[in-house]
Amino acid sequence: MTLICERLAMNMIAKIAADGLTATQRAEIFRRQMLVERDRLEVMHAQLHLLPPEDHDDIDNALSLRLGASELAAMDGASKGKVEDFLVARIDPEADDEPIVVMAWSDLAVSIAQDGAEEAAIARLAEIGVEQSALREAMARKVVNQARIEAIREFRQVLSNPGAAYAPVPVAGYEQPAQPPLNASAPHIAPAPAAPTVAGPWATMAPTAAVEKFFEHNPRTGGKDGKSRRKSGEPWTNKTREQFRLPALLLEQVMHGQPLATVTHDHFVQLNNCFEALHGPSFRKSPKHREMTIWQIVEETGERVRQGEEAIAKAARRKDKGGTVEMPAGALTKDQLGLGLSTTNRHWGFLRQLTTWFIKHHPLSPLDYSAFIENDDRNARDQRDAYTEEQGRILFSLPPWTGSKSLARRMQPGSLLVHSAWYFVPLIGWYTGMRREEICGLLLDDIEVVDGHWQFDIRPTKIRRLKTITSARKLPFASELIRLGLPDYVTALHAAGETLLFPELAAESGKGTMGDGYYKTIWTKIADALPFLKAGQATHSFRHTVINAMKGAEVMPELRADFAGHKLSSETEGRYSKAHMALLRKAAKAIPNVTEHLEPFPITLLPARLRAPRKARASRQSKST
């Protein structure tokens, strides 16, 4: 037992020795911290000139108090390993009648912009490329405090001999004697050893470059070109890859192009402040925004808020005259700022995934994502309100279903009726509860007739993937979809040589999803004509309408899950057997009929030129050339 204990003790001592910092590393931390402290002390002194503190009328006394307290704190940190709060007294020996002012060191430290030794030690370790450990952090803290003591003493010498801070200036006719160093014994005077940084490109890699390297290293994301396949499933979609790239791009802009290896928690704070100063519904939605940095967009958004506040103030001055607020186009109010919780959580989640991978190749400063990622405690049912029957009738009484003025003016009343995504996407959404992408990405081959019954076969295809494995399902045509001509529309598209149910939603570039194309080109125009819409209400709310209606009709949970494509607690045999599909058709009757006022009309397809894939909008630069 004695031999075992001795062996364990020796192993522990060897591990501790290997886990510490070498003399070269300590010297480099000292040198770097000295540079930081010199700058901080100069800034603090200059700030006293610009804004004298309240605790002293005399700048010299105020400076002396701060230097003395800082030195005492650093000496405690160097000897005890930590700085316990202590009291600092201001006494004027030449004025006996003046009161003695006592303050805490923690309060005084704020005024001199001194970071804690813990944060400084961790930052220096990251800069020299040394992996963190409890022993290394403790040793680095000691060196940081030693550097602070030396920097303060050096600063006092410079105050008494200002020329000592600068290189000797030769004067014609005179021989300038060599100036001795301020403190020849100080480690920072010796030639600086080379920093033990990690070799390779990691130290200089920008966040966006790190993302591309992350893709290359992780085939599950689609790999370098987005085409790598996973044996267990589909790779990331282009949309997910773009969502992963965005927060890295924004972080890079916040860092002004610095390498990801230099990221700190302060950069995250700045990024979060930008998130709070943006207008979510319009952020990066336009080609103009996508060419701007996050700083430029924040500045533009601030100007829009200023315009809104001016309009409100102007209306308040006209209150006695019965004036109303006339907001300029694009103007905002402060309560409209801030990205949504789910959006910011996604950004932080992707950044955490990126930095967790990156740190395997290069050390980073500690990054506390818990300060920014928040639990979404909102009730999922409250996030997207279901549509009421009355709202459904209002929706399907708009021009796309009752007659439009022209193909270019679909939201203006007229006599033109056309079968297209304008007409059928909301109808399918209302009567099936399918997701937007599931509807918009339907192939004609996804629609089938089994035993005389029309039904959708929702499955992953080359056009769009499904959200989850359980999203794959079969759904019946509701009677209203048949009455209003969806089967005839499918037949007509087949005859026209089409393969997509809504070919006009495809993009010529192949970028983006058909669901996004529908939302941007069609739904936003429909939404403008629906004054009852609440935040979060869009095509996805059709799902809530269907589920709520079936629940109210006491449709069994298994059938409701089949309709929604939700995971079941257990799988049953013959899930899509004839008997099961009959139950689904019966369940569909629980969905409220809000289109009985619509009259079917002969199948009218879009002209062939309008069924072609959408062309990308010309950029502003190309328009100007």
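The model is a predicted one. Its secondary structure comes to 24 helices and five strands. The chain has 625 residues, and 42% of them are buried. If we take contacts between residues at least 6 apart in sequence, 66% of these join residues at least 24 apart.

Now the helix pair. Helix 16 covers residues 421–432 and helix 21 covers residues 541–552. Their axes lie 7 Å apart, and the packing angle is about 30 degrees. The cut-off for roughly parallel is under 35 degrees, so helix 16 is roughly parallel to helix 21. Which residues make the contact? On helix 16 they are Pro426, Gly429, Trp430 and Thr432, and on helix 21 they are Phe542, Thr545 and Val546. Sorted by class, that contact has four nonpolar residues, three polar ones and no charged ones.

Staying with helix 21, there are twelve residues in this helix. From first C-alpha to last, helix 21 reaches 16 Å, close to the 16 Å expected at 1.5 Å a residue. The buried residues in helix 21 are Ser541, Phe542, Arg543, His544, Thr545, Val546, Ala549 and Met550. After helix 21 comes Glu554, which has a positive phi, near 60 degrees.

Glu37 sits in helix 2, residues 23–50. Is Glu37 buried or exposed? Its relative accessible area is 1%, and the cut-off for buried is under 20%, so Glu37 counts as buried. Setting aside residues up to four places away in sequence, Glu37 touches Arg148 and Ala151. With Arg148 there is also a polar contact between the side chains, at 2.9 Å.

Thr262 lies between helix 8, residues 238–254, and helix 9, residues 265–276. Thr262 is partly exposed, at 35% relative accessibility. What does the side chain of Thr262 reach at 2.7 Å? That is the backbone oxygen of Pro259. A further polar contact, of 3.5 Å, links the side chains of Thr262 and Gln258. Beyond its neighbours within four places in sequence, Thr262 is in contact with Met255 and His267. As for Met205, 57 residues away along the chain, its C-alpha is separated from that of Thr262 by 9.8 Å.

That is the end of the walk through.

Terms used:
Residues are numbered from 1 along each chain as its sequence is written. This is a predicted model: local features need pLDDT of at least 70, side-chain atom pairs count only at pLDDT 80 or more; totals for chains, interfaces and linings use all residues. Side-chain values use heavy atoms; hydrogens and water are left out. Axes are lines fitted to C-alpha atoms, for helices over the stretch in contact, and angles run from 0 to 180 degrees between N-to-C directions. Helices (H or I, at least four residues) and strands (E, at least two) are DSSP runs, numbered from the N terminus. Angles under 35 degrees count as roughly parallel, over 145 as roughly antiparallel, 65 to 115 as roughly perpendicular and the rest as oblique. Contact means heavy atoms within 4.5 Å. Ala, Val, Leu, Ile, Met, Phe, Trp, Tyr, Cys and Pro count as nonpolar, Asp, Glu, Lys and Arg as charged, and the others, Gly among them, as polar. Buried means under 20% relative accessible area, exposed over 50%, partly exposed in between (1.4 Å probe, protein chains only). A polar contact is a pair of N or O atoms within 3.5 Å; within protein, one must be able to donate a hydrogen and the other to accept it, and residues adjacent in sequence count only if both atoms are side-chain atoms. The expected span of a helix is 1.5 Å times one less than its number of residues.
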